[in-house]
Amino acid sequence: ERIGEDPDLAGIRIVDPKGAILRSSKPEEVGQTLTGKERLAEGKALEPTWDLLGRTVGIFRPIPNQPHCTGCHAPELTTLGFLNVRVSFPAIDSEIARQWTVMILAAILGLVAAGGLIGLLFTFVVGRRIDALSQTMSRVEAGDLTVRVAADDRDELGRLGKSFNAMVARLADARRQLENRYAEEIRRAENLASLGQMAAGIAHEINNPIAGMLNCVRSLLKGVKDERQRFQYLTMLQEGLGRIGRTVGHLLNFAREAKPQLTGTHLPSLLQHCLTLLEHDLTARKISCSLSPDSDVPALLADPYQLEQVFLNILKNAMEAMPDGGTITVTTGLRRREAGPFVEVRITDTGTGVAPEHLPRIFDPFFTTKEVGKGTGLGLSVSYGIVLAHSGFIEVTSEVGKGSSFTVALPAKRDEGQ
């Protein structure tokens, strides 16, 4: 009776093998015999009985005859009776609901954990490989056909990388073939362009003085009685012929490519000689000049006359870049480069500078930014050829409004007598 007070139990009974109720949580049932669905068959326990109207389920469990029970019961009996418990549906429903809740929560947690693991796998394995492939594609798009991605045959991304590498290799081969095929045509076009530019420069430098000289000749043919005017026309003819002669001389020097006559040359002395030749012009233009030679600079095997022409051309260009005066600084030094030690002469001015778009062309024949009649555009071209014949090179840096710096680098080969 006390057990039957549990709210989850609809009733509890003890019955004998014939179905007579011996004990019950409901006293009025004692002595009655089970009937209907609950009727026992040959002393065997029934399957669970469901009462849908009463929302209960009945469970029968046998009570076996234990050795300590033989004092009150015949030993040949195997089953003394049955325990019949009826449980209400709400308790079962709540337990089922609890079990479902546990299973659903476990499933959700499993899905979240699986999603997290997949996300980590994608981020640290797949994502990094995709990022690497994307970066490589960007470099290829920018024109770098030497890059490759790590590729293998373990998965689809590896096979994709392998195919990508093969494609880039084919593109590199195609570009190389195109470059080789059209390199000669490009060189021929560049030569023709240089030739055309040179022809135009020659025509310009010669045609202008010829036009003036023709005007002078026409005036003289008409008869000029004024001796002073006649002398002026003859002077103009002389200047025009001199200008044509200088242009032809520069052109011959440019085309001749005379082989340097190498001899022991001391650069500081040569530079001082060049500055002495220009001393009058420097003073007239209000330009100060300083020479700072390095005592460690060795004598070179070079052609002093050709190098003098180089330094004079660069110094004259620096002077013309400072119409209102300024400063020229000349320094010498020894510098070790990949090809070996080089003696460097740096000539720096505080002039107008060279525009960035003009820097790549300053050594082209007949290229000049000076006014008409003030330059042939051959000085730096001739200087470049002379330095190149001495196995050296010229470097130029410039900034508009602040000035330019020319560095002439020559191999540091000591005189054989030293």
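## Ground rules

This is a predicted model, in which local features need pLDDT of at least 70 and side-chain atom pairs count only at pLDDT 80 or more, while totals for chains, interfaces and linings use all residues. Residues are numbered from 1 along each chain as its sequence is written, and side-chain values use heavy atoms, with hydrogens and water left out.

## The chain as a whole

The protein chain holds seven helices and twelve strands. Both are DSSP runs numbered from the N terminus, with helices being H or I of at least four residues and strands being E of at least two. Of the 418 residues, 32% count as buried; buried means under 20% relative accessible area, exposed over 50%, and partly exposed in between, with a 1.4 Å probe and protein chains only.

Take the contacts between residues at least 6 apart in sequence: 61% of them join residues at least 24 apart. A contact here means heavy atoms within 4.5 Å.

## The five-strand sheet

Now for the sheet. Five strands make an open sheet in the order S7-S9-S10-S12-S11, with mixed pairing. Two strands pair if DSSP finds at least two bridges between them. S7 and S11 sit at the edges with a single partner strand each, so one side of each has no neighbour in the sheet. On average, neighbouring strands are turned by 15° against each other, direction ignored. Axes are lines fitted to C-alpha atoms, for helices over the stretch in contact, and angles run from 0 to 180 degrees between N-to-C directions.

Walking across from S7, the pairing of S7 (residues 287–292) with S9 (residues 326–337) is parallel, over six bridges. Serine 288 has threonine 327 in S9 as its bridge partner. S9 and S10 (residues 340–349) run antiparallel and share ten bridges, with a hairpin of two residues joining them. Along that pair, threonine 332 is bridged to valine 345 in S10, and glycine 333 stands opposite glutamate 344.

## S12 and its two neighbours

S10 and S12 are antiparallel too, joined by seven bridges. Phenylalanine 406 of S12 turns up in both pairings: isoleucine 347 stands opposite phenylalanine 406, and valine 396 has phenylalanine 406 as its bridge partner. S11 and S12 form a hairpin with three residues between them, and glycine 401 in that turn has a positive phi of about 90°.

S12 is mostly covered, as nine of its nine residues are buried. Gly403, Ser405, Thr407, Ala409 and Pro411 point one way, while Ser404, Phe406, Val408 and Leu410 point the other.

## H4, between sheet and helix

H4 packs on the sheet, where it touches S7, S9 and S10, and its direction makes about 170° with that of S7. H4 (residues 267–277) also packs against H6 (residues 304–320) at an angle of about 50°, with the axes 10 Å apart. The two helices are therefore oblique to each other; angles under 35 degrees count as roughly parallel, over 145 as roughly antiparallel, 65 to 115 as roughly perpendicular and the rest as oblique.

H4 supplies Leu267, Leu270, Leu271, His273, Cys274, Leu275 and Leu277 to this contact, and H6 supplies Pro304, Leu307, Glu308, Phe311, Leu312 and Leu315. Sorted by type, that gives eleven nonpolar residues, one polar and one charged. Ala, Val, Leu, Ile, Met, Phe, Trp, Tyr, Cys and Pro count as nonpolar, Asp, Glu, Lys and Arg as charged, and the others, Gly among them, as polar.

Isoleucine 244 lies in H3 (residues 227–256) and is buried, with a relative accessible area of 16%. Leaving out residues up to four places away in sequence, isoleucine 244 touches Ile206, Pro209, Ile210 and Met213. Isoleucine 206 is 38 residues away in sequence but 5.7 Å away in space, C-alpha to C-alpha.

In H7 (residues 379–389), the buried residues include Gly379, Leu380, Ser381, Val382, Ser383, Ile386 and Val387. Serine 391 follows H7, and its phi is positive, near 65°.
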